[in-house]
Amino acid sequence: MPPPARNCRASPRGATRPSGASPRAACAHLAALGARRLVVVDGHFDLALSDLDALEAGLSIGSLARALADGERNVLARVGAQTGADGDPAYALNTAFMRDGVVITLADGAIVERPIHLAFVHAASSPRAVFARSLITIGAGAKVMIVESHEGAPASDYQVNNATDFAVGARAEVAHLKLTGEAANALHVATQVATIGAQARYSSFTFNVGGALVRNQMFVRCAGEGSTVDLGGVSLLRQRQHADNTLVLDHAFGGCVSREMFKVVLADSSRGVFQGKIIVRPHAQKTDARMMSQALLLSPDAEADNKPELEIFADDVQCGHGATAGAIDADLKFYLMARGIPEAQAEALLIQAFAGEAVETIAHAGLREIVMDAVIAWLKAR
Amino acid sequence: MSEDNEVALLEIRNLHVSVDERLILKGLNLTVNKGEVHAIMGPNGSGKSTLAHVLAGKSHYAVTAGGVTFEGEDLLGLKPNERAAKGLFLAFQYPLEIPGVATMNFLRTALNAQRKTRGEAELTTPDFLKRVRGEAAKLNIDQDMLRRSVNVGFSGGEKKRNEILQMALLEPKLAVLDETDSGLDIDALKVVADGVNHLRSPERGMIVITHYQRLLDHIVPDIVHVLSRGRIVRTGGKELARELEAEGYSAYQEEAA
Ligand SMILES: Nc1ncnc2c1ncn2[C@@H]1O[C@H](COP(=O)(O)OP(=O)(O)OP(=O)(O)O)[C@@H](O)[C@H]1O
Ligand SMILES: [Mg+2]
């Protein structure tokens with residue numbers, strides 16, 4: 001068996017950097033944070049390329065293919081369970097075609113300091129469709145950071161239908177970051193399902209730069225009282241890219257606090273879609289939910305579509321949403337230029353500030369820096 | 001004062017400017033030589049800020065006739081950042097808030113961009129920090145303000161001091177101060193005036209736009225102009241400001257009508 005790949009050059013079979021994004025830089029960053037790297041190649045969890053040494057107490061990692069073959073009851077139950085994504089065609093397609101993925105389980109109380117990096121690499125030389133499902137189970141009071149990166153060989157044609165299911169136990173703490181690079185021609189649909197236990201803290205941030213067409217859908221359910229959910233995202237799009245962030249946040253229990261902040265920067269004739277639905281169930285009193293989505297249009301040919309929805313069935317709640325779309329503020333740009341800053345640099349500062357407001361919601365400094373660096377890299381390549 | 005044969009720092013000839021089809025400046029002439037401090041006074045809406053913005057290069061203002069040279073070179077064809085790099089600085093009447101851009105980063109980016117345009121080396125971080133801290137201390141600006149986003153949550157007076165800090169760092173050849181005194185308390189006024197006076201030199205010029213004599217007690221001008229309805233209608237020495245304070249603008253508004 002070859003030694004596990006711990007450096008970032010080990011993208012197999014020649015998969016290299018796609019345009020704009022910088023998963024490689026992110027990967028180096030993650031390595032510096034001591035991340036444990038697990039590699040999924042074209043939908044198959046590659047144990048040989050993954051770092052499975054010295055697993056922390058309470059952490060177990062395995063392949064979904066193996067678990068399905070062995071008929072592991074917990075896994076079969078999870079795959080068959082009802083989720084907020086039931087009825088969603090992309091998720092149903094994933095259920096039908098997925099054969100492999102990563103199964104991560106944290107026992108109750110397990111504290112895993114090393115971030116876990118799920119590197120999804122698309123290296124196929126011929127066009128193909130890739131389906132992977134990962135199951136992440138976090139025990140009560142456990143704590144972990146999970147980073148997903150998705151990248152592909154630049155000139156390749158492929159489509160990805162990925163699903164990541166989180167079951168977060170009571171009082172657990174989970175920070176999730178998804179970095180979507182992908183090749184310029186790629187179609188990427190990702191479903192995130194999360195069930196959040198009482199008093200747990202769940203945060204998930206989605207960063208999109210790659211792919212021709214990206215849809216991130218999130219079905220998050222507060223399944224116990226008093227949890228805190230932070231969802232955020234930044235999409236940076238150009239040319240004819242299309243990215244869609246769609247989320248359904250279901251406050252099924254009361255006393256939970258949720259915050260969403262999604263930003264999209266649209267250059268050329270790109271298109272950004274945000275659909276955010278917050279449901280507050282009849283007994284979910286004292287819910288505090290706030291959602292914001294903002295689009296910055298850099299070109300008259302770009303388009304931003306925004307669809308916030310609130311479905312509130314409880315009366316003692318605080319809920320709100322806001323949505324804005326606009327161009328770079330000409331007066332601010334003039335102020336910067338009047339101080340000697342050239343136009344392109346002035347715009348870059350303002351774009352960075354716009355995206356930065358969402359990036360700032362990432363609590364972990366290391367993860368925040370990864371995203372901010374990727375924003376800066378995108379701006380430099382603009 | 002400069003020699004007769006020396007080229008003027010700023011020369012404005014017959015400047016006509018309109019905004020949204022409405023003529024605001026209607027044939028304005030003004031020459032500022034190196035070493036001179038000019039005060040421009042005039043009623044609200046007479047075009048003082050319009051003049052300042054046109055000099056700094058704000059789009060949206062259409063120059064329909066006349067021209068402006070800066071050290072003999074055409075100014076109006078340059079972009080705002082190019083004007084700044086040549087040494088023109090405008091202290092805004094209403095400084096803008098820029099959420100998400102830290103003041104320190106803004107100052108460094110501006111200073112280094114100007115240096116780069118002029119073919120000078122960028123300042124090293126320690127040199128930059130030393131300079132900013134020194135200038136900030138002189139203006140009673142504390143370090144915490146420098147860490148915050150540009151002007152966000154700053155009081156009116158703090159914003160004005162921040163403008164002067166930028167001026168002190170950028171060391172312009174010509175500074176245009178648009179009502180920098182408004183919103184300042186008496187102590188801040190003194191601090192700001194000291195900052196401005198510190199920059200006065202035989203090589204530099206200034207245009208101080210104000211409504212009040214009290215600023216001109218601290219920044220004593222060489223020449224005072226009255227701008228009314230888009231034209232300079234009177235020019236005199238520093239005593240003109242006192243006369244205006246006593247008598248108001250009614251005489252000029254009628255004259256210009
Ligand atoms: N962007 C603009 N759009 C429309 N009108 C404008 C614009 N900017 C200035 N004006 C008009 O031009 C005229 C001159 O305005 P300006 O701001 O130059 O006056 P000012 O002399 O600086 O006045 P104040 O003493 O109140 O600062 C005013 O009538 C103003 O309404
Ligand atoms: Mg004005």
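Residues are numbered from 1 along each chain as its sequence is written, and chains are lettered from A and ligands numbered from 1 in the order in which they are written. In this predicted model local features need pLDDT of at least 70 and side-chain atom pairs count only at pLDDT 80 or more, while totals for chains, interfaces and linings use all residues; side-chain values use heavy atoms, with hydrogens and water left out.

Chain A contains seven helices and 19 strands, where helices (H or I, at least four residues) and strands (E, at least two) are DSSP runs numbered from the N terminus. The C-alpha trace of chain A spans about 65 × 55 × 35 Å along its principal axes. Because a compact globule of 382 residues would have a radius of gyration near 21 Å, the 20 Å of chain A agrees with that expectation; the radius is taken over C-alpha atoms, and the globule rule is 2.2 Å times the number of residues to the power 0.38. Chain B has ten helices and twelve strands, and its C-alpha trace spans about 55 × 40 × 40 Å along the principal axes. For the 257 residues of chain B, a compact globule would have a radius of gyration near 18 Å, and the chain has 18 Å, which agrees.

Ligand 1 is surrounded by 17 residues, the closest being R22(B), G45(B), K48(B), S49(B) and T50(B); a residue is counted if one of its heavy atoms lies within 4 Å of the molecule. Both β2 (22-32) and α1 (48-56) of chain B supply at least two residues of this shell, and α1(B) gives the largest share, three residues. The shell has four nonpolar, nine polar and four charged residues (nonpolar: Ala, Val, Leu, Ile, Met, Phe, Trp, Tyr, Cys and Pro; charged: Asp, Glu, Lys and Arg; polar: the others, Gly among them). A backbone N or O atom of G45(B) lies 2.9 Å from an oxygen atom of ligand 1. Polar side-chain atoms also lie at 2.9 Å from a ligand oxygen in the case of H211(B) and at 3.3 Å in the case of E179(B). Taken alone, ligand 1 exposes 630 Å², of which the protein buries 69% (Shrake-Rupley method, 1.4 Å probe).

Pockets and cavities were located on a 1 Å grid over the protein atoms alone: a cavity is a set of points where a 1.4 Å probe fits but cannot get out, a pocket is an open set with protein on both sides within 12 Å along at least five of seven lines, and lining residues have an atom within 4 Å of a point. Grid points are joined across faces, edges and corners, and a volume is the space filled by probe spheres set on the points.

The largest pocket has a volume of about 660 Å³. Of its 31 lining residues, A175(A), S203(A), D230(A), T361(A) and A363(A) are the closest to the centre. Elements giving two or more residues to this lining include β7 (143-152), β9 (173-180) and β11 (201-208) of chain A. The pocket lining comprises 16 nonpolar, seven polar and eight charged residues.

Four cavities of 30 Å³ or more are present, and the largest cavity has a volume of about 120 Å³. K263(A), V264(A), G272(A), V273(A) and F274(A) are the closest to its centre among the 16 lining residues.

Terms used
A polar contact is a pair of N or O atoms within 3.5 Å; within protein, one must be able to donate a hydrogen and the other to accept it, and residues adjacent in sequence count only if both atoms are side-chain atoms.
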